[in-house]
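Thanks for coming. Please keep the structure open while I talk.

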Amino acid sequence: MRSLPSIIHLDMDAFFAAVEQASKPSLRGKPVIVGGLGGRGVVSTASYEARKFGVHSAMPMAQARRLCPNAAFLAGRFEAYRSNSEIVMGLLRELSPLVQPLSLDEAFVDLEAGPYGPALAQADHETGERLVLALAEDLRADIHLRTGLTGSVGAAGSKLMAKIASEQAKPDGLVMIEPGQERAVLGPMPVRALPGIGPATEQVLRRAGLSTVADLAEAGEAELVQLVGRAHGAGIFQMSIGLDERPVVADQDAKSVSVEDTYEVDLADRDRVLREVEALAARCVRRLRAAGRSGRTVVLKVRRFDFSTLTRSETLGGPTDDEAVITATARRLAEQVDITGGIRLLGVGVAQLADYTQEDLFAQALREEAAEHEQALEEAESEEEPEAVVVRRWLPGQDVRHAEFGPGWVQGSGVGRVTVRFETPWSGPGRVRTFAVDDPALEPARPLPLRRGEDADGEGE
C-alpha cells in the first residue's frame, strides 16, 4: 500500500453515447442510447440524459424504448470509439509507461513509474498530493481539448480505491482518496462495491447478514472463508479493510478478437446460418486488421434455442488475417453444428494472436480457386440469368457521404427510403434529407474526427 495517492483510474463518461453526441451536433443535450437495435438487442451505453429515465447498460433494448421512447437509438460505430480511445490512451502513456487499459474507455495509470515519479518520490506528502491533483486535472483538460469528451478520474494509493474514487467523481469530476481513509470510505458501501462480488456471492453474504463492506471487515477472514471459500474469502476480507497490493500491469494484451450477433428470430435454415457466419467472419477480420494482428485459431460460438452454448475451434498452420481462410474455416465449423430447434446467437473469433502474418499457402490456394471461379462465371455470364439486386442496409447512426451534400449520418431507413442528417462534429445541427436506399450518390463513410486537426487514426496533423 502506498502513502501517496499516485495510482489514478480514468473512466470516460458514457463513452459510446458521448462520442455519438460529439459527432452529431443535433443530438447534444438529448437522450442517446447505443446498442443492438433488434428485438433481442441490449443497451451498450446510455447518455446521462437517457439515464434520467432509468435506462442503463445491459438493459434489453425493448425495455429502454419503453422507458425513453424519444431517445435517439443508434447502432454502435466501433471504428469511431476505437480511434478516440487511442487518443485518450496516448495521453495516459505520456504520464507513465504503466498504463493498464480495462476497456476502450477505462484504464489505471501508475504515476510513480512515469516522468513525474522522481518529483513524487522527493516531495513531501502535501506537495505530492497537489502534484497528483494537477496531473489529473491536466489530463482531463487534455482529453477534452483533443476529443471534446469528458472523463472522471480517481486518485488513491491502490487500484481498488482509485476505481471507487472515479465512481464517486462521475460525471466529469476528480476525487482523491487519501491513504489511511480506505476503511472510512469503504465501510458504508454495499458489498457489491468490491470487485469480484457478483449477484451470487452477494446473496450468500446477505443470507449471513452481511450487507455492507463494514460488515465484511467485522465478520473477519475466517467467517468469509467459511462462507465463500478460501481464496475468495481471503481476497474479500483484504479488500474490505482497504488492502490492495495489485500492481498496475502495462498493456494487458488481448487474447482474442471476436464478434457476435443475437437474432430476433431463431435461425433454422442451414444456408442462412452459413451466410451469417460469413458476414461475422468478415467483421472479425476487419477488427483483426484494425488492431494490426493475426491469429492461428478460428473459434465459432453458437447459442441454441434452449440457451445452451457450444464452441468449436480449428487451429491453422500459422497466424493469418486472410479473410478467405478465416471465413472458410468458420464455415467448416458451422457445417458441423446441429441447428435443430434453431440458433439464437452466432459468433466468430480469432485466438492465439500474433503481430505478424506468415505466408499462408492455404490462403494463396483459396485466392487462386476464387479467381478461377470468377473467371468461369464471367465465361458463362451470357448463359446465366441476371443476379438479384442486393439492397443496401443503412443502420441508424451510420456514417455516410453524399456526392452533393457531403458527410452526414443515417437517422433511419425503411420502405425503400433512408433519411440522412447532414452535419459534422464541428458544424451546427444539420438539415435532413431522404433518399432511395439504392441512391448511387450515397455511400458509407469512415467516421470523422471529433476535433479538426485529428486524423482518422487519432494522430494530430
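Ala14 sits in the loop between strand 1 (7-12) and helix 1. Helices here are DSSP runs of H or I with at least four residues, strands are runs of E with at least two, and both are numbered from the N terminus. Ala14 is not a glycine, yet its phi is positive, at about 45 degrees. Is Ala14 buried or exposed? Ala14 is buried, with a relative accessible area of 7%. Buried means under 20% relative accessible area, exposed means over 50%, and partly exposed is in between, with a 1.4 Å probe and protein chains only.

Before going on, the ground rules. This is a predicted model, in which local features need pLDDT of at least 70, side-chain atom pairs count only at pLDDT 80 or more, and totals for chains, interfaces and linings use all residues. Residues are numbered from 1 along each chain as its sequence is written, and side-chain values use heavy atoms, with hydrogens and water left out.

On confidence, pLDDT is the predictor's confidence in each residue, from 0 to 100. The chain average is 88, and 89% of the residues score at least 70. Over residues 356-362 pLDDT stays under 50, and the model has 14 contacts for that stretch beyond four places in sequence. Residues 456-461 also stay under 50, with 13 contacts beyond four places in sequence. Contact means heavy atoms within 4.5 Å.

For the chain as a whole, there are 15 helices and 17 strands. Buried residues make up 45% of the 461 residues. Of the contacts between residues at least 6 apart in sequence, 61% join residues at least 24 apart.

Back to the backbone. Ala58 also has a positive phi, near 75 degrees, in a residue other than glycine. Ala58 lies in the loop between helix 2 (48-51) and helix 3 (61-67). At 59% relative accessibility, Ala58 counts as exposed. Then there is a cis peptide bond between Lys170 and Pro171, with omega at about -10 degrees. Pro171 is in the loop between helix 7 (159-169) and strand 8 (174-176).

Helix 7 also contains Lys159, which is buried at 4% relative accessible area. Which residues does Lys159 contact, leaving aside its neighbours within four places in sequence? They are Ile7, Gln100, Phe108, Asp244, Arg246, Pro247 and Val248.

Now the helix pair. The axes of helix 1 (residues 15-23) and helix 4 (residues 78-95) come within 10 Å and cross at roughly 100 degrees. Axes are lines fitted to C-alpha atoms, for helices over the stretch in contact, and angles run from 0 to 180 degrees between N-to-C directions. The two helices are therefore roughly perpendicular to each other, a label that covers 65 to 115 degrees. On the helix 1 side, Phe15, Phe16, Val19 and Glu20 meet Ala80, Tyr81, Asn84 and Ser85 of helix 4.

Last, the cysteines. The structure holds zero disulfides, a disulfide being a pair of cysteine sulfur atoms within 2.5 Å. Cys68 is buried, with a relative accessible area of 2%, and Cys284 is buried at 0%.

Methods: Angles under 35 degrees count as roughly parallel, over 145 as roughly antiparallel, 65 to 115 as roughly perpendicular and the rest as oblique.
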